[in-house]
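The report below is meant for someone meeting this structure for the first time.

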Amino acid sequence: MRNKIRLLIIPAITIAVSACKKEFLQMPISNATTVDSVFTTTVKAQGAIANAYRNALGQGLPWKNWWNAMLQENLSGGMNYGFSWTMAKDIVLNGMSASGVNEDMDGYVMNFPPIRQAYLVKENIDKVTDMPEGEKAIVKAEMQALIAYRYEQMFIMYGGVPIVSSSLKATDSLAIPRSPLQQVLDSVVSWCDQAAAVLPSKWPDTWTGRMTKAAALAIRSKALLHAARPLFNTGTPYLDMGANNNLICLGNTDANRWTVAAQAAEALITEAETSGGAYIINTGNPLDDYGTATSVPSNAEVLLAFKFKNDVLFDAGNWNNLPMNAFYNCRVWEAQGNVLTTNQLENYYKADGSNQSWPDAGTTLPFSDYTAKMNQMEARFKSTFQPWEMDAWNNPGDANWRNNSTFGSGPGFGCARIVKFYAKAGGRAWFEFPIFRLAAAYLTAAEAWNEVGQTQKALDRLNKIRQRAGLPMVTETDQIRLRAIIQREWAVECYDENYRLHDVKHWKLPNIANGILGGPIRAMSFNNGAAVKLTGNTNYTDKVIYTALWAPKQYLNPFPQTEVNKGYLVQNPGY
Amino acid sequence: MSWQSLHAQEAGRANSTDTAIIELLQAEVEPGPLLQIRKEYSLTGTPSVSGTILYRTPVPNITNALYGRLPGLTVKQGSGEPGYDAAELLIRGVGSYDNTSLVIYIDGFQTTLSYFNYLPASEIESISVLKDPVTLATFGMKGANGVLWVITKRGFAGRRKIQVQMVNGIQQPQRITKPYGSYDYARLYNQAISNDNYALNGYQYKYTPQYTEAQLDEYRNGGGVNVDWYDQVLKKNGLYTDANVVFSGGGADTRYALILDYMRQRGLYDVATNATSSNAQIQRFNIRSNLDFNFFKIFEAKVDLGGRIEDRRYPNFNGPALWTNLARYPSNVYPVIDEATGRWSGTTLFPHNPVASLNGLGWTSTHDRTLQANFNLKQKLDFITPGLYLNEGVSFNTWTRTAASKTATYARFYNGIQTTTDKQTDIIANGATPVDQFDWKQYTLTTGYNRTFGIHAFAGAVQFLQSNFMTDAGINNPGQNTGNNIFYHFYNVNGRFHYTYKERYLLELAFGSTGSDNYAPGRRWGFYPALAAGWILSKESFLANSKWVNYLKLRAGAGSSANDYSRHGRYLYQQYFVSNGSFYTGNSSLAANGGIIQSYAANPDIFAEKSIKYNAGIEATLFKKLALTLDLFRDNRSDIVTQNNDLMAMYGGILPYVNLGKVTNRGIEASASFNDQAGAFDYTAGFMVSYASNKVNYRAEVPVVNDFNKTTGLPVNAPMGLIADGFYDITDFNADGTLKAGLPVPVFGAVQPGDLKYKDLDNNKRVDQADITNIGHADYPRITYAFNLGLRYKGFDLSALFQGAASYHINLLNSAWNQTVAFVNNTTVYPMAANAWAYYPDQGIDTRAVADYPRLTTKANDNNYRASSFWMKRGNFLRLRNAELGYNLPAAALKKLHLDKLRVYISAVNAFTWSYIGEQYDLDPETPAGYPGMRSFNAGISLTF
């Protein structure tokens, strides 16, 4: 018996060796970053900050490497819808729908990740151990301003939207309903005011691109301008939503909103020019000045830019990795699908400030007439477009921008190629999209002062922009006629800067369905209605390239059906 | 029951079944974890198949011997490429939309599928399918998807026995789906290119051929380039050889089984295997030594060593890519050898001349070494109380793979001109490099108690298991946080208690309690109990004397189990941050600031998927000739790990993984076997059928636009697509090529006559992804069935096994894209497209009324080639999996030869297949594309002395 018990020592040892140890089930150390480590040091926290910037400021821009992305101008009638595979085509021809792509491209839902990221940084930045308190306050203000930017953009696109005021947990009650338009506006304004109080007017050179006081005021100004414009500044919305009308209009028409908008624009101009070091670039050479203002990274006119550097020119490379420059840089075939429409061409003046006389639809004129008329156009036109059979005016003598360098494989029609943002860029593939330019603040002020009857102030602001463009001063004092001039100035000065689409909706232009957003969209065709040639074109004709669809429901974007199906979100009318 | 008597029984059975055609009652003791319960008293209804039976299907990969052998096991044939020919295994169909892979145990220890795949049948005593609630509960978080329980051969007390077996076979593809030759290719290409000019020709079909009549005539008369790539690359037969020797024997204290096995399979490629080139080939060298020792009266030790080397060699060109090229390259692209230069043909568009891929690139090989070493030490503690024992077990399982190759490149020519930058190079040797590895250490400690007191019989055991698995990052599981986290640890404490009262009332309790390292501290352990009861009616007085009911048992059980092996990964309770792009700052020289973003939201409560299983069954033996088994089951899965798409957009983060999914799976398994004699004839017949049907009850799916877009409420992986509604006709279009008013407009690109028309289910005049709905059954069969027949007359025996599957669909675009989609991306065309919609009356072409394929095109066509009911085809098939004719030498002759036994036989594997998709589309129902499944004809001999 004793022997047998001794033999049991072996299993006893086995038991002792294999007895449950708690560490056995512990997660091993790996190389991943956890919540504990991300907000410990400034270096790591900057990663979170960088992401908040990129995702927040990329709104509406084709930076996500999508093969079928679009530009906002594809929708506004300022250029054709681009190649047939872009998202724009369906929207232009069939209108927006709750189950289709909307103008935001990545969609309503994707507004919230950058907002969440900004809140996460704002809420956790205090945990960083090696950052001074003052810097933390600035980071919080930057994040607040980024949130305000996304809300200002949503305000314009959707009307009242749900207001998120912290980084939500998955277990929180997430069924947040849409807030009334006024409340969204008030939030944006107060967020901008809070941020502007803390943000610096200027950053050291290495940090240029982060939020400044002027950028926060620009967000505020843009929101207040749209609040004053007719679409929202009314008691009668574009389509009736009954008890929910406060989601899509402000409830009354109040002229004071224009005064507020004018003052906001003036406050922005003052801050930008006195402390921010910004100014309207005017050296007396309109072609170069406008080129500098729209194309040179970090130039004196840019208040906030999407600083996103795709240094590789997309050539014939990977379709699944289209960089942003592929859609803007006319040296790339994808961008060559976009051409100027006649609808937009007619907004440009000749260099002497008069209107160009373009042939009526159906009239065929010799190609030499085309070339001659193009050469008569104003400087901003020449900085923005490259007509057929010409080298680009805005990159004189540069081999990258010769007639054959940008000809490629476009649709075969079009008034001209689009070369904006690349003035004197030479071989540089990337550009910085200007989100806020000082010129827009001037036009905002001009528009608002005209509406409240302060004609002289309006003309002062407007003419500053006209002067730089090399155009004669405007002296019109009739409010309605001046309004039309200012609206035309917006279309020209800020072409392809993501203003036009919402400007024409928020102005509620009477002709919106007839050659602006809807109706016939026209462009030049060449050689008796055939495709344009690299050289040797014989004549040109204006023709309708397609008929765009406009319906009043499109004043605002639809919320995605999949989100509405969750039951907490009121859809915009008509969808 | 002691090991000894048990093995004596097993051995006796093995002897008796060597020549039996089909086993009526399998092992006396039912295989399974912890306990050895006599089949008669078992509550689990576990089906088993013996290694002897499996050996009759001469296939390199053991999974391909399992068709139709085990009710409840779905076996789906895959590729036939030597070394990569495993069939897919599912127990009781699909129970979850997360991971459904079953778990494999060999001799009581878990191992990997790759170890199991090349286990030779000669080493296997039996394979069983554990699918009942009770045994699966004991596996805790490894049990939910079922367990394949493998036992290897052991020695038994008795005279030394040596068995030598050898089988040789020739292997052929089950089916090669060949494209059209050059004439038909060119003829149809003319249609396709004309169709593509529809818009250019003012929205009219005008015949604008690419190939002239003269060219067509030349092709038709056998001229021009017309290469049958399959003929050029493949030879008629591959070869298969397996030889093994089994030594076994022993006495009361020591028993041994020593098994040596060699297998070689050579593939179908028409290329020599030598220093500079290689056919596809696998060679396998196995050695297994299973030893039993009894000593000091109370100890029983088992030492099992199973070692293996697998050597694979292939042409230095990716196998699946070669088969894709064979399927894609038109017959007329170029001759194999460029006539002007006598060098390999090749162009930039068709750079990989399939014949040159075999001959011009050298070869690659992998070298795998595997060992499973198990040690068990049992102490019989009868001196404390009779029937009590302790057992300690250790298992070391390890595998490594290295690769070596000899490679070259070749220059491509076309009409005498070099077409690519590839250079002709000499063959060079590349040193062996490590590829992958794993090792798995498991320790068990078991205590058990078996005793019968009068009318009470009790057997029970409790086991503690520690498992420690480590692998290379390269083959780590998919999902979050798996790449770097290569250590897998878990504990399992389980128990099983079986009680028999009066030999007729049965009760069994079991539990498993698993601690998994995937979850947060405090959330790591789960407890899974189970209960079953049974009643042997045939032991009751009212049936005891029945002449026709020999045995009748009713049983029912319920139990829980779980699965901690989610495809979504591990450590989902941890909040991670991941890098996400860059943002730039700076004035003139921009600096990138790397971005960091919160990864999916951590879920501190994340836990294992849970399964509650119910099973009820009947087992009966009638007339001493007919054995019947019927099982009904239901499996309720819950807590399936799923990304929660129900969250509102305002959350704004990457959605968390939550235990929220629910799937119900239910079905029936029935099997019957019958044997009888008529004069000198012995005959047997068997039948089995398994049916399993599942439904996703909840999965928080991405919200859909229309109710009918939902996948919730449908089976797992139910195919979704548009409903095809014939072809557009010429009358559907306006003169400017637009669709007539009132017709819904598809959004997948411009359509023209002959394109597929789809139903606009939501009636919004647009056909888009909001119109998709369920278009058929999923791609796994709901019904699998098999029947076998056997005949024995004197020394001769004849047997046949048929196996089939039904109630599932094949999406041609998923399964055989290259065979289905003609011309697009410069591919060839198959007879499937012969009757494509076309309308060129001047050429005498008008298939509008009879077309069964959309109009041909050479361009990508997003409208026609997208998931729709048009491409969904019935997958039903029936195969003759195995047929065998054997002869056993009579005893008198054996005696003269000093042999115990001598058997010679011929057999055919997969000789015939009947299927819808084979008849209609010339495609194999299980392996429609890629390296085909194998059919083989074999001859073998088996000697025992």
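## Overall build of chain A

In this predicted model, 52% of the 575 residues of chain A count as buried. The secondary structure of chain A comes to 21 helices and eight strands. Its radius of gyration is 27 Å, close to the 25 Å that the globule rule gives for 575 residues, so chain A is as compact as a globular protein of that length.

Taken along the principal axes, the box filled by the C-alpha atoms of chain A is roughly 120 × 55 × 50 Å. When contacts in chain A between residues at least 6 apart in sequence are considered, 70% of them join residues at least 24 apart.

## A sheet within chain A

Strands of a sheet pair through backbone hydrogen bonds, and the pairing may be either parallel or antiparallel. In chain A, three strands form an open sheet in the order E3-E8-E7, and here the pairing is antiparallel. Strand E3 (364-366) and strand E7 (519-526) of chain A stand at the edges and have a single partner strand each, so one side of each is left without a neighbour in the sheet. From one strand to the next, the twist averages 35 degrees.

Eight bridges join E7(A) to strand E8 (residues 539-548) of chain A, the two running antiparallel, and A:Phe526 stands opposite A:Tyr540 in E8(A). Helix H14 (residues 367-375) of chain A lies across E3 and E8 of chain A, and it runs at about 80 degrees to E3(A).

Another open sheet of three strands draws on both chains, with the order E1(A)-E25(B)-E26(B) and antiparallel pairing. Strand E1 (33-34) of chain A and strand E26 (591-598) of chain B stand at its edges, each with a single partner strand, so one side of each is left without a neighbour in the sheet.

Two bridges join E1(A) to strand E25 (residues 576-585) of chain B, and these strands run antiparallel; the bridge partner of A:Thr33 in E25(B) is B:Phe577. Helix H4 (residues 42-57) of chain A lies across E25 and E26 of chain B, running at about 90 degrees to E26(B).

## Where the chains meet

In total, 62 residues of chain A are in contact with 57 residues of chain B. The elements of chain A that each supply at least two residues of the side touching chain B include helix H1 (2-7), helix H2 (9-18), E1, helix H6 (112-124) and helix H21 (561-564). H4(A) gives the most to this side, with eight residues, and the residues of this side of chain A divide into 33 nonpolar, 18 polar and 11 charged.

E11(B) runs antiparallel to strand E10 (residues 158-173) of chain B, to which 12 bridges join it, and the bridge partner of B:Gln171 in E11(B) is B:Gly238. E11(B) is also joined by 12 bridges to strand E12 (residues 254-266) of chain B, again running antiparallel. E11(B) and E12(B) form a hairpin with three residues between them, and B:Gly250 stands opposite B:Arg255 in E12(B).

## Nonpolar cores

The largest nonpolar core has 190 residues, and of these A:Ala145, A:Val188 and A:Cys192 touch the most other members. Helix H7 (residues 133-158) of chain A contributes the largest share of this core, 15 residues.

Leaving aside neighbours within four places in sequence, A:Ala145 is in contact with A:Cys192, A:Ala195, A:Leu199, A:Met211, A:Ala215, A:Ala216 and A:Ile219. A second, separate core of 78 residues includes B:Leu102, B:Val103, B:Leu119 and B:Ala144.

Notes: Residues numbered from 1 in each chain as written. Chains lettered and ligands numbered in written order. Predicted model: local features only at pLDDT ≥ 70, side-chain atom pairs only at ≥ 80, totals over all residues. Helix = DSSP H or I, 4+ residues; strand = E, 2+ residues; numbered from the N terminus. Rg over C-alpha atoms; globule rule 2.2 N^0.38 Å. Buried ≥ 20, exposed ≤ 12 C-beta atoms within 10 Å, placed from the backbone. Contact = placed C-beta atoms within 7 Å. Pairing = 2+ DSSP bridges. Axes fitted to C-alpha atoms, helices over the stretch in contact; angles between N-to-C directions. Nonpolar A, V, L, I, M, F, W, Y, C, P; charged D, E, K, R; others polar. Core = buried A, V, L, I, M, F, W, Y, C linked by C-beta atoms within 7 Å.
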